[in-house]
Number of protein chains: 2
Amino acid sequence: MASPEIEALTQALSRLPGLGPRSARRAVLHLLKKRETALEPLLAALGAVSDKLSTCSICGNVDTSDPCGICADPRREGRALCVVEEVADLWALDRSRLFPGKFHVLGGRLSALDGVRPEDLAIDSLIRRIADGGIDEVVLAMNATLEGQTTAHYIAERLEQYPVRLTQLAHGLPVGGELDYLDEGTLAQALRARRPVA
Amino acid sequence: MASPEIEALTQALSRLPGLGPRSARRAVLHLLKKRETALEPLLAALGAVSDKLSTCSICGNVDTSDPCGICADPRREGRALCVVEEVADLWALDRSRLFPGKFHVLGGRLSALDGVRPEDLAIDSLIRRIADGGIDEVVLAMNATLEGQTTAHYIAERLEQYPVRLTQLAHGLPVGGELDYLDEGTLAQALRARRPVA
């Protein structure tokens, strides 16, 4: 039997998405056999992230600084704001390098089923950012799911009173698809073809 | 762009077997979002293993103690010794809980192609363990590959002069198969049907 420490490490790794018990065991063996080149670097990287990890008080992104790297980046176009459901969506759009503006993470989507109400999402903070002014366009980049679109419509209504151009991703995205899974080509198309909310 | 710390963590994770860049990114996001339940436990587990990690000076197993848990276990039958190529093989056999004895890890297999010679493997230390006496049976549990079997034959020759029963895993294992990938049923059959070296 493996020692308690090794068991605990296997457990912790097997809880990561994409790693089952067997692949976690293989990963642990890799770490044990490649101590200098695998275990120590991973330990150091985890430690560094753990030390600095914070949620951006402006946009809700998770990063190693607050404000996050995107909110703090002066080269970022501050007049355009892209609203996403999850941090994963922000990362997906950011990786595509197609949106020069800043982001706002809702932390989920409205859902009667899961009992997620507007006050459960970072919507009030979004309204405040827009009320503070300096923002011309708000891109509603929710997932093309029923709940995502419901959330988009709700936010569109809440923002009607503000002098901002409301846009949403063109439905080049496959219906039912989720941003984080899309190839960047599809993301590019959807972002380029974004259109005013009807 | 993600911060350098997060990039480094993604890099480190993507180098684990079974994790590519994309799955590593998803794993990192999971860690960032589940700090208390995922990141900290993994960090603690890695730290604990890193602090205690050692290679067993007796059998070559990697564990958090030296001698390893198996060599130090008094309930283990010391008169039977199972010789394996890699630590992964030792773990696979140990998981099957079918071998009550102790182990010896060679650290590889003889290979003209990869230039692995007898002196590159833990063969001399194996001979010493057997020369020291107290061992009745040596199970040669090499992989059913050409190189594995070559290694088994070489060790069999080296051990001819010693009064030990030499056995090898029955070839219930699929030819070309590797221990670490086998289901325990197959391992059980192969171990039960082990036979004297011809």
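Predicted model: local features only at pLDDT ≥ 70, side-chain atom pairs only at ≥ 80, totals over all residues.
**Leu13(A)**
Skipping its neighbours within four places in sequence, I listed what Leu13(A) is in contact with. From chain A I got Leu19(A), Ala24(A), Ala27(A), Val28(A) and Leu31(A). From chain B I noted Leu16(B) and Leu42(B).

**Cores**
Next I asked myself which residues touch the most other members of the largest nonpolar core. They turned out to be Leu13(A) and Leu13(B), in a core of 91 residues. I also found a second, separate core, this one with 20 residues. Among its members I jotted down Leu81(A), Ile127(A), Ile155(A) and Tyr162(A).

**Where A meets B**
Then I looked up the contact between the two chains: 51 residues of chain A are in contact with 51 residues of chain B. The area buried between them is about 5,000 Å², and carbon and sulfur atoms give 66% of that.

I checked charged pairs too, and the count between chain A and chain B is 4 salt bridges. One I wrote down is between the side chains of Glu86(A) and Lys33(B), at 3.6 Å, N to O. For polar contact, the count between the two chains is 15 residue pairs.

Which parts of chain A supply at least two residues each to the side that touches chain B? My list reads helix 1 (4-14), helix 2 (21-33), helix 3 (35-52), strand 2 (62-63) and helix 5 (87-96). Helix 3 of chain A gives the largest share, 13 residues.

**Domains**
Last, I looked at how chain A is divided: domain 1 covers 4-52 and domain 2 covers 78-168. I noted that their C-alpha centres lie 35 Å apart.

Key:
Residues numbered from 1 in each chain as written. Chains lettered and ligands numbered in written order. Heavy atoms only, no water. Domains from an automatic or database assignment. Core = buried A, V, L, I, M, F, W, Y, C linked by side-chain atoms within 4.5 Å. Buried < 20%, exposed > 50% of the residue type's maximum accessible area, 1.4 Å probe, protein only. Contact = heavy atoms within 4.5 Å. Buried area = accessible area lost by both parts, 1.4 Å probe. Polar contact = N/O pair within 3.5 Å; in protein donor to acceptor, adjacent residues only side chain to side chain. Helix = DSSP H or I, 4+ residues; strand = E, 2+ residues; numbered from the N terminus.
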